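Subject: The model, and what is in it

Hello,

Here is the structure I promised to pass on. Please open it alongside this message.

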Amino acid sequence: MCIRDRSTWGLFGAKKKEEPAPAPAPAPEPPKPVDLSEQSEKLDTRLKSINTNIEATEAEIAKYYQQIKSSKSKSQQQYLKQRVALLMKKRKMYQQQLDNLYGQQFTIDQVAFTKENIQNTIEMGRAMKEANQVQKDLMKDLNMDELEDIRDEMEEMMWDTQEVNDMLNRNYNMDVDDYEIEQELKDLDDEMFIQALNNKTEQNKPSYLSEISSKKEKNKDILS
């Protein structure tokens with residue numbers, strides 16, 4: 001005889017098996033971002049189509065208007081006027097659609113422009129943050145005390161070089177009194193004046209005096 005373990009029994013019989021918990025539902029996919037460029041292109045296509053319909057409607061209105069003017073039958077004129085009235089209502093409907101689409105396109109362009117500005121601002125902020133971090137890293141490697149020492153050394157070398165140049169360009173025994181310089185220039189002017197006067201006198205001598213003077217000079221040379 002088979003004896004079952006009574007511990008597994010419930011109040012009214014054997015214990016039921018627990019059913020597995022249901023699997024969690026998959027997370028919903030995030031909505032795809034709206035492509036503003038694509039929406040703008042769709043609106044452009046729609047605008048072109050409506051403009052084409054408006055042009056065709058206006059062409060029909062012009063055709064019927066010419067027929068009304070040329071027709072002599074009042075019944076035909078009345079019929080044509082009704083056709084023109086319907087076409088004008090149709091054109092008005094197209095014009096309203098056109099205005100609505102232009103408003104939608106303006107809104108989309110404005111949103112796209114705002115989005116582009118925000119994206120540019122985010123990229124500029126990211127670039128500024130990266131540049132700031134790079135500058136901080138570079139400043140860590142910069143020793144201000146060492147730069148100050150280098151600057152002092154360069155300034156000292158500059159003064160030393162200036163002192164050497166002054167020493168090499170120094171004039172020795174050149175202390176001359178201004179009065180002495182003026183006196184020498186005056187003497188020089190007197191000598192030049194006397195020499196010029198002698199040259200002028202020599203040129204104004206008669207020719208026979210010049211010959212006598214030259215003969216005397218020759219005799220002196222022979223005697224000597």
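First, some housekeeping. This is a predicted model, in which local features need pLDDT of at least 70 and side-chain atom pairs count only at pLDDT 80 or more, while totals for chains, interfaces and linings use all residues. Residues are numbered from 1 along each chain as its sequence is written, and side-chain values use heavy atoms, with hydrogens and water left out.

**Overall fold**

The chain has 5 helices and 0 strands (DSSP runs numbered from the N terminus, helices being H or I of at least four residues and strands E of at least two). Read from the N terminus, the order of elements is α-α-α-α-α. Of the 224 residues, 8% count as buried; buried means under 20% relative accessible area, exposed means over 50%, and partly exposed is in between, with a 1.4 Å probe and protein chains only. The accessible surface of the chain is about 21,300 Å², and carbon and sulfur atoms hold 55% of that (Shrake-Rupley method, 1.4 Å probe, with only the protein chains shown counting as cover for residues). Among contacts with a separation of 6 or more, 70% come from residues 24 or more positions apart, where contact means heavy atoms within 4.5 Å.

**Confidence**

The mean pLDDT of the chain is 76, and 67% of its residues reach 70 or more; pLDDT is the predictor's confidence in each residue, from 0 to 100. Helix 2 has the highest mean among the elements, at 89, whereas helix 5 (residues 207–223) has the lowest, at 52. Where pLDDT is low, the predicted coordinates should not be read in detail.

**The cores**

The largest nonpolar core has 9 residues: L36, L43, L47, I50, I54, Y94, L98, L101 and I108. Such a core is a set of buried Ala, Val, Leu, Ile, Met, Phe, Trp, Tyr and Cys residues joined through side-chain atoms within 4.5 Å. Helix 1 (36–70) and helix 2 (74–140) each supply at least two of its residues, and helix 1 gives the most, with 5. A second, separate core has 6 residues, including I61, Y64, L80 and V84.

Y64 has a charged neighbour too: K63 lies over the face of Y64, 5.0 Å from the ring centre (the rule asks for NZ of Lys or CZ of Arg within 6 Å of the centre and within 35 degrees of the ring normal).

S40 is in helix 1 and counts as buried because its relative accessible area is 15%. Beyond neighbours within four places in sequence, S40 is in contact with Q105, I108 and D109.

T57 is also placed in helix 1. With a relative accessibility of 3%, T57 is buried as well. Setting aside residues up to four places away, T57 touches L87, K90, R91 and Y94.

Y102 belongs to helix 2 and is partly exposed, at 41% relative accessibility. Apart from neighbours within four places in sequence, Y102 is in contact with L47 and N51. The C-alpha atoms of Y102 and L47 are separated by 7.8 Å, although the two are 55 residues apart along the chain.

Best wishes
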